[in-house]
Amino acid sequence: MCETAENPRLDSLDTPFLAVDLAVMDRNIERLAGRLLGTGVQLRPHAKSHKCIEIAQRQIDSGAIGLTVATIGEAEVFADAGFTDLFIAYPLWLTPHKAERLRTVASTAELRVAVDSAAGARQLAEHLGDLPLTVVVEIDSGHHRTGVTPDEAGAVAAAARAAGLNVVGVFTFPGHGYTPGQRKEVATQESRALDAAAKSLRAQGIEPSVLSGGSTPTVGAADNMVLTEVRPGVYPFNDAQQFELDVCTLDDIALSAVTTVVHTRDRTAIVDAGSKILGADRPGWATGFGRLINEPDARIVALSEHHATIEFPGAAPSPGTRLRIAPNHLCNAVNLVDSLVIDSADGPHHWAVAARGANT
């Protein structure tokens with residue numbers, strides 16, 4: 001999909017909106033599925049990135065074994081839509097109401113949940129110990145958010161087992177792979193941490209069948225001698241971060257904000273897409289607040305709620321010109337809209353962001 005001046009199918013839609021080039025997205029989905037085929041590593045993509053039923057179904061159809069979700073609310077949405085294998089990838093601390101919601105999810109889907117403390121395991125068992133769910137222990141492989149050290153995983157797993165839970169393995173999120181030049185090193189850290197955690201479980205008499213990791217930046221270097229599954233989220237769409245991390249090319253970016261130039265001054269243009277559609281994320285290493293797909297040398301230098309300021313190497317495009325901006329972090333951008341405009345061979349149509357706002 002090019003600028004909408006070259007793509008008249010989208011010209012009738014008011015800007016700004018998020019558009020998805022269906023052909024590019026399908027290519028991205030099939031490419032990763034093909035890369036993993038025969039490696040022994042299964043794909044459990046993270047649906048928090050797209051929050052969209054139709055895209056999740058495409059991932060399952062391409063060979064994914066199930067979905068990863070970020071919240072109970074996302075699990076509810078995808079279970080209601082008929083997805084039957086769900087992993088909530090953060091340590092749960094349940095209230096009675098959350099426990100009842102999980103019981104409803106587990107009535108239609110195989111459910112995997114996470115713990116990273118003995119106290120959390122006991123509390124989970126108190127609320128849901130009678131359910132046939134599986135449990136994985138979260139470990140910290142260098143991101144330093146949640147998770148225990150690999151050597152502590154066995155003790156947490158043993159506490160969960162003693163509480164009556166079915167512990168099947170360990171998982172980690174190598175989030176520090178979102179750093180330029182660090183993807184391979186972070187994937188190595190992930191592999192070593194998961195291997196050490198597996199040994200820690202075995203020391204407690206628990207044989208792990210699940211060693212789960214992976215993110216979009218690191219999945220290309222995932223160690224198939226250790227990992228049994230990966231959970232990338234961004235890869236169907238890609239975004240400006242992935243481009244600047246050399247994970248993808250501009251031609252691999254399927255999702256963009258379509259926006260209109262509303263003001264120009266010499267080499268500067270103001271467009272009608274701001275933080276309320278692009279999101280406001282900007283890592284310290286990023287070149288701006290997103291990237292223009294058809295103007296790789298332009299820079300988005302400022303962002304307000306409804307406008308972005310773009311500096312061009314030459315004369316700025318005239319008012320009325322439509323441009324495509326790849327958000328820095330598409331997960332935030334998708335959660336800001338009710339639907340995605342799907343640009344396909346049979347014309348544009350809308351797919352609901354079904355799990356938008358499902359944050360609890």
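Me: This is a predicted model. Which residue of β10 stands opposite Val20?

Reply: Start with the strands. β1 and β10 pair in the antiparallel sense, over four bridges. Within β10, the residue opposite Val20 is Leu255.

Me: How many of the residues of strand β1 (residues 17-21) are buried?

Reply: In a regular strand the side chains alternate between the two faces of the sheet. On one side of β1, Phe17, Ala19 and Asp21 are buried; on the other, Leu18 and Val20 are buried. β1 is therefore largely enclosed by the rest of the structure, and the buried count is five of the five.

Me: Which residue stands opposite Ile325 in β15?

Reply: β15 pairs with strand β10 (residues 255-265) in the antiparallel sense over four bridges. In that context, Thr259 stands opposite Leu323. Strand β12 (residues 291-292) also runs antiparallel to β15, through two bridges. The residue facing Ile325 is Leu292.

Me: Which strands stand at the edges of the open sheet of eight strands?

Reply: The order is β2-β9-β8-β7-β6-β5-β4-β3, with parallel pairing. An edge strand here has a single partner, so one of its sides is left without a neighbour in the sheet. That applies to β2 (42-43) and β3 (67-69).

Me: Which residue in β9 does Leu43 stand opposite?

Reply: β2 and strand β9 (residues 229-230) run parallel, joined by two bridges. Leu43 stands opposite Val230.

Me: At what angle are the ring planes of Phe78 and Phe83?

Reply: A pair of aromatic rings is described by the distance of the centres and the angle of the planes. There are two aromatic pairs in the count. For Phe78 and Phe83 the centres are 5.7 Å apart, and the pair is edge-to-face because the angle is over the 60 degree cut-off. The planes are at 75 degrees.

Me: How many residues apart in sequence are the parts that Phe87 and Phe171 tie together?

Reply: The ring centres of Phe87 and Phe171 are 5.0 Å apart, with planes at 90 degrees, so this pair is edge-to-face. Phe87 lies in strand β4 (residues 85-91), and Phe171 in strand β7 (residues 166-171). The parts they tie together are apart in sequence by 84 residues.

Me: Is Phe87 buried or exposed, and which residue has its charged end over the ring?

Reply: Buried means under 20% relative accessible area. Phe87 has 0% relative accessibility, so Phe87 counts as buried. The charged end over the ring of Phe87, 5.4 Å from its centre, belongs to Arg112.

Me: What is the volume of the largest pocket?

Reply: Among the 25 lining residues, those closest to the centre are His46, Lys48, Arg145, Phe173 and Tyr178. By class the lining has nine nonpolar, 11 polar and five charged residues. The volume is about 430 Å³.

Me: Which helix gives the most to the lining of the second largest pocket?

Reply: This pocket has a volume of about 240 Å³. Of its 14 lining residues, Arg31, Arg35, Tyr235, Asn238 and Val247 lie nearest the centre. The lining comprises six nonpolar, four polar and four charged residues. Four lining residues come from the top contributor, helix α1 (residues 22-36).

Me: What is the volume of the largest cavity?

Reply: The count gives one cavity of 30 Å³ or more. Its lining includes Glu138, Asp140, His143, Arg145 and Phe173. By class there are two nonpolar, five polar and three charged residues. The volume is about 50 Å³.

How values were computed. Residues are numbered from 1 along each chain as its sequence is written. This is a predicted model: local features need pLDDT of at least 70, side-chain atom pairs count only at pLDDT 80 or more; totals for chains, interfaces and linings use all residues. Side-chain values use heavy atoms; hydrogens and water are left out. On a 1 Å grid over the protein atoms alone, a cavity is a set of points where a 1.4 Å probe fits but cannot get out, and a pocket is an open set with protein on both sides within 12 Å along at least five of seven lines; lining residues have an atom within 4 Å of a point. Grid points are joined across faces, edges and corners, and a volume is the space filled by probe spheres set on the points. Ala, Val, Leu, Ile, Met, Phe, Trp, Tyr, Cys and Pro count as nonpolar, Asp, Glu, Lys and Arg as charged, and the others, Gly among them, as polar. Rings of Phe, Tyr and Trp (its six-membered ring) pair if their centres lie within 6.5 Å; planes under 30 degrees apart count as stacked, over 60 as edge-to-face and the rest as tilted. Buried means under 20% relative accessible area, exposed over 50%, partly exposed in between (1.4 Å probe, protein chains only). A charge sits over a ring if NZ of Lys or CZ of Arg is within 6 Å of the ring centre and within 35 degrees of the ring normal. Two strands pair if DSSP finds at least two bridges between them.
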